[in-house]
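Reader: I have a model open and want to go through one part of it. Can you take me through the strands?

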Amino acid sequence: MENHKSDTQESSSCCPAGQSSSCSSRCSPCLVIWGVALLVLVVAALAGWLRKSPRNLALGIGAGIACLAILAGVGALCVRAIRNQTASQPADDTYVETLHIDPDEYADVLLAKTKDAGDGYIAETLFIGDSNTARLSMYGYLTLDNVIGIESLGIEDVATSKCVYFSGYDNPVTIPEAVKMMKPRRIILNFGTNNIMWNDTNRFIEEYGKSLAAVRAAYPYSDIIISAIPPLGSNRSNQKLTMEIVDAYNLALLDFAKEKGLTFLNISETLKGDNGWMRTDYVIEDGIHLSKTALEALLRYVRTHSHVVDDARPK
């Protein structure tokens with residue numbers, strides 16, 4: 001089985017909210033150069049016009065064109081430099097973690113620590129998610145027999161996107177169709193990173209419900225576990241993604257799992273650092289995707305927070 005690949009989403013901006021002063025300081029040299037070039041252009045054109053000499057007029061026009069070319073080149077370099085600096089801007093350290101879970105209130109939902117269930121537990125589990133899930137097979141920790149990971153996939157496309165390929169089949173199938181073909185004992189769903197930009201928990205949970213219903217309808221015999229959305233790194237490339245939204249989504253997922261009679265795997269507690277962001281060694285440069293060290297920690301957490309129930313699959 002081969003998983004569909006697509007570009008990850010990323011956005012950037014010249015002067016993000018809350019950074020106008022630092023951005024202005026980076027832009028000021030560019031503005032000076034632009035101003036000088038514009039002044040040269042005006043002076044050259046004026047000189048050619050005043051002297052009313054065809055030769056000088058031609059020189060003035062040529063100088064003006066050259067200044068415009070320089071202006072465009074410098075402007076392009078300036079914009080690129082600003083975008084590169086913006087992408088690496090550190091996050092605001094004022095974030096205060098809001099993902100506080102009462103273990104008594106969610107005793108029947110929150111997966112507590114258990115003995116290590118071993119590799120056999122992992123072998124009977126199908127991990128379904130986005131690019132962070134895809135990395136489990138990409139880096140060789142699991143095979144495609146245990147992973148459906150689709151880059152850039154949001155929860156809203158789970159039921160309808162034909163994105164899973166099987167050897168011997170000409171056309172891709174949807175995730176629910178793939179689950180029906182694979183017949184896993186248990187499923188861990190991990191979606192939400194590509195939906196954070198919505199900043200709308202109601203819409204997110206509504207779409208999650210539709211996707212869950214589609215998977216259940218396709219193969220109702222799997223034990224389904226809802227995973228928390230992984231935390232973000234503080235130096236994330238997209239500053240519009242915030243941990244406040246991630247925490248709100250995860251709390252909504254916890255209540256959703258309780259409502260649906262499912263269990264919740266709180267991977268946040270093993271991936272977060274003391275400051276509430278993803279541990280720096282658990283995330284790559286973009287501040288979004290898990291490192292190899294994080295994937296190893298994730299699999300350990302899954303094994304030591306296991307959910308073993310009777311195998312309901314038809315014999």
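Author: Start with L189: its bridge partner in β6 is I226. Strands here are DSSP E runs of at least two residues, helices are H or I runs of at least four, and both are numbered from the N terminus.

Reader: What kind of model is it, and how are residues numbered?
Author: It is a predicted model, where local features need pLDDT of at least 70, side-chain atom pairs count only at pLDDT 80 or more, and totals for chains, interfaces and linings use all residues. Residues are numbered from 1 along each chain as its sequence is written, and side-chain values use heavy atoms, leaving out hydrogens and water.

Reader: Back to β5. In which sense do β5 and β6 pair?
Author: Parallel, over four bridges, with β6 covering residues 223-227. Pairing takes at least two DSSP bridges between the strands.

Reader: And which residue of β5 partners G129?
Author: N190. Strand β2 (residues 125-129) and β5 also pair in the parallel sense, over five bridges.

Reader: How many β5 residues are buried?
Author: Five of the five, in a strand that spans residues 186-190. Buried means under 20% relative accessible area, with a 1.4 Å probe and protein chains only.

Reader: Which side chains point which way?
Author: R186, I188 and N190 point one way from β5, and I187 and L189 the other. In a regular strand the side chains alternate between the two faces of the sheet.

Reader: Different topic. Is S306 buried or exposed?
Author: S306 counts as buried because its relative accessibility is 14%. S306 sits in the segment after α9 (292-303).

Methods: Buried < 20%, exposed > 50% of the residue type's maximum accessible area, 1.4 Å probe, protein only.
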